[in-house]
Amino acid sequence: MADKNQEVYVDPANLIFARAMEIVTYIGIAVMIVFGLLYLFGLPSYVEMKHAICQWHHPVGTFWHNVVGIHISGYDWFLKNLACMDCLSMIGICILALAPFVAILAAWPKVGATHRVLTLLFFILVVEYLFAILKPIILPGVGGH
Amino acid sequence: MFSQRRWILFLGFLVFILLAGAAYLWAQEPHSVAEAAKEAVQEMEAQSSGICWWLWPIILFGFTFIIGIIAPLSGVGGGVLFVPLSTAFFPFSVDFIRGAGLIMALTSALSASPQFIRKGLANIRIMAPLVCVSMVTSILGGIVGLWITNAFPAGKHYITIALGLVLLLIFFVMLTSKKVEFPEVKEQDPLSKALALSGSWFEPTLGKVIEYKLTRLPLGLVCFAAVGFIAGMFGLGAGWANVPVLNLIMGAPIKVAVATSMTIIALNDAAAAWIYLAKGAVLPLIVVPSVIGISLGARIGAKLAVKAKPAFVKILVMGIMLLAAALNIVKGLKGLHII
C-alpha cells in the first residue's frame with residue numbers, strides 16, 4: 001500500500017475535494033436514512049404513507065394536490081415542517097445534493113494556487129450550482145407546472 | 001476511508017437512533033401503529049392492487065437490493081436499472097421514479113468518487129470542463145422531463161416510450177462497444193493540452209503505475225451536453241453513456257473512464273436533484289428503502305464482481321435492459337391507446 005501511494009502523485013486539490021465530498025456524503029446519508037426510517041416506523045409525518053400510496057400513481061402536481069392540498073414550488077414545503085420525520089429526511093437529501101458544491105468550495109483555494117483555467121471552471125461550476133439551487137425560488141414558473 | 005471500527009460505530013449509531021425512536025413511539029402512542037396499520041390495510045385492501053401499504057417499502061428494499069447486487073457486477077449505475085424496471089413493474093408515477101433514480105445514482109456516485117480520486121483514477125482537471133457543460137444540460141433535462149408530464153395529460157406515456165427507446169439505444173451501445181483497456185493517445189488536442197488532461201494510477205493487475213492522457217475535448221464536450229440532458233430528463237446517472245465517450249472518443253483507459261464517470265454523475269445529479277426536490281418529486285417513502293437496498297446490495301455485488309465472469313454478467317444486464325425497453329414501449333403505447 002505504501003508503495004502505491006509513493007508512486008502515484010495525487011495533487012492536494014484532488015485530495016481535499018475527495019475528503020470534503022466524503023464527509024458531507026456520510027452526514028447526508030445518516031440524516032436521510034435515520035429520519036427516513038423513523039418516518040417509515042410511523043413517527044409524525046407531513047405526508048401520510050397510506051395516502052401517499054393511494055395517490056402515487058399521479059404526476060407530482062396532482063399527487064400533492066390530492067394528498068396535502070398544496071401546490072409544490074420551492075423548498076418551503078419541507079423547510080417549514082421540520083418537526084415531521086419525512087421532512088427531516090429531505091434535509092438529508094439536501095445535504096447529499098450539497099456535497100459536490102462543498103467539495104468544490106473546499107478545493108478552490110488549492111486549485112487557484114496551481115491552475116488558473118481550472119479556477120475559472122470552478123467559478124463556472126459554483127455559479128451553475130447556485131443557479132440550480134436558487135432557480136426554483138427565483139424562477140418558479142420557468143419550465144415547471 | 002472509513003475503517004471497520006468507524007463503520008461499526010456508524011451502524012451502531014443508526015441502530016441506537018432507530019431503537020430510541022421506536023421506544024418513543026411506543027411510549028407516546030402505544031396503539032397508534034397498530035391502529036394506523038389496521039386502517040391502512042383496510043383502505044389498501046379496497047384498492048385494486050390488494051397489497052398492504054407497509055409491504056411497498058419492503059418490496060422496494062428487496063427490489064433495489066437485487067439491483068444493488070447486479071449494478072457493480074455489470075458496471076452500470078443503479079438508476080439505469082431502477083428507472084426502467086420500476087416504470088414497467090411499479091404503480092408509482094414516472095416523476096417519483098425518476099426522482100428516486102436520481103437520488104440513488106447520486107448516493108452511489110458520491111460514495112464511490114472519493115476513493116477513485118485518491119487512487120488517481122478520477123481527476124478534477126478532467127471532470128471540471130465536462131461537468132461545466134453537462135450540468136447545464138442536465139438541469140434543462142430535469143425541467144423538460146417534469147414539464148412534459150405536468151403540462152400534457154398524455155406526457156407521461158411519451159416519456160415512458162422515450163425511456164424505452166433510450167434503453168434500446170443503450171442496449172445497442174453495449175452490444176457494439178469494445179472496452180479499450182489502455183487506449184493509445186499519441187497527441188493531445190490544444191485544449192486538452194492546455195488543461196493538462198492527464199494523470200496516473202497504480203494498476204494492481206500489472207503491478208505498475210500507468211500514465212494516461214486525454215484528447216478530443218471539444219467533441220467530448222458536445223457529447224457530454226447531450227448525455228447530461230438525457231440523464232436529467234430520465235433521472236439516470238448516465239454512466240452507460242459517459243464511459244463510452246471518455247473511453248472511445250477521448251482516449252481514457254477504461255478504469256479511468258469508469259471512475260471519472262462516477263465523479264461526473266455525482267456533480268450532475270447533485271445539480272439536477274434540486275429540480276426534483278423543489279417539485280416534490282422526491283418521496284422519502286420511495287427513496288429511503290431504495291437507497292438502503294441499493295447500498296447494501298452494492299456491497300455484496302462488489303464482492304461477487306471479483307469472482308463473476310464479466311461476459312455472463314454483461315449478457316444478463318443487456319437482457320434486462322432489452323426486456324425493460326420492450327415493456328416501457330408497450331406500456332407507453334397502451335397508455336396512448338395505440339395498441
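Q: Which share of the contacts in chain A between residues at least 6 apart in sequence joins residues at least 24 apart?
A: This is a predicted model. In chain A, 61% of the contacts between residues at least 6 apart join residues at least 24 apart.

Q: How many helices and strands make up the secondary structure of chain A?
A: Start with the count, then read the order. Chain A has seven helices and zero strands. From the N terminus, its elements run α-α-α-α-α-α-α.

Q: What percentage of the 145 residues of chain A counts as buried?
A: For chain A, 52% of the 145 residues count as buried. The accessible surface of this chain is about 6,400 Å². Carbon and sulfur atoms hold 69% of that surface.

Q: How many residues of chain A are in contact with chain B?
A: Count residues on both sides. Here 79 residues of chain A are in contact with 85 residues of chain B.

Q: What is the area buried between chain A and chain B?
A: Take the area, then ask which atoms give it. The two chains bury about 7,000 Å² between them. Carbon and sulfur atoms give 77% of this.

Q: How many salt bridges does the rule find across the interface of chain A and chain B?
A: Look for charged side chains that meet. The rule finds two salt bridges across this interface. B:Arg125 and A:Asp11 meet in a salt bridge through their side chains, at 3.5 Å from N to O. Polar contacts are counted separately: 12 residue pairs between chain A and chain B, both residues at pLDDT 80 or more.

Q: Which elements give two or more residues to the side of chain A that touches chain B?
A: The list runs through H1, H2, H3, H4, H5, H6 and H7 of chain A. H2(A) gives the most, with 20 residues. By residue class, this side divides into 55 nonpolar, 15 polar and nine charged.

Q: Is B:Ser200 buried or exposed?
A: Compare its relative accessibility with the cut-off: buried means under 20%. B:Ser200 counts as buried because its relative accessibility is 15%. This residue lies in strand S1 of chain B, residues 198–203.

Q: Which residues does B:Ser200 touch, not counting those up to four places away in sequence?
A: Read the neighbours chain by chain. From chain A, B:Ser200 touches A:Val8 and A:Tyr9. From chain B, its contacts include B:Lys119, B:Gly120, B:Val209 and B:Tyr212.

Key. Residues numbered from 1 in each chain as written. Chains lettered and ligands numbered in written order. Predicted model: local features only at pLDDT ≥ 70, side-chain atom pairs only at ≥ 80, totals over all residues. Heavy atoms only, no water. Helix = DSSP H or I, 4+ residues; strand = E, 2+ residues; numbered from the N terminus. Buried < 20%, exposed > 50% of the residue type's maximum accessible area, 1.4 Å probe, protein only. Contact = heavy atoms within 4.5 Å. Areas by Shrake-Rupley, 256 points an atom, 1.4 Å probe, with all protein chains shown as cover. Buried area = accessible area lost by both parts, 1.4 Å probe. Salt bridge = Lys/Arg side-chain N within 4 Å of Asp/Glu carboxyl O. Polar contact = N/O pair within 3.5 Å; in protein donor to acceptor, adjacent residues only side chain to side chain. Nonpolar A, V, L, I, M, F, W, Y, C, P; charged D, E, K, R; others polar.
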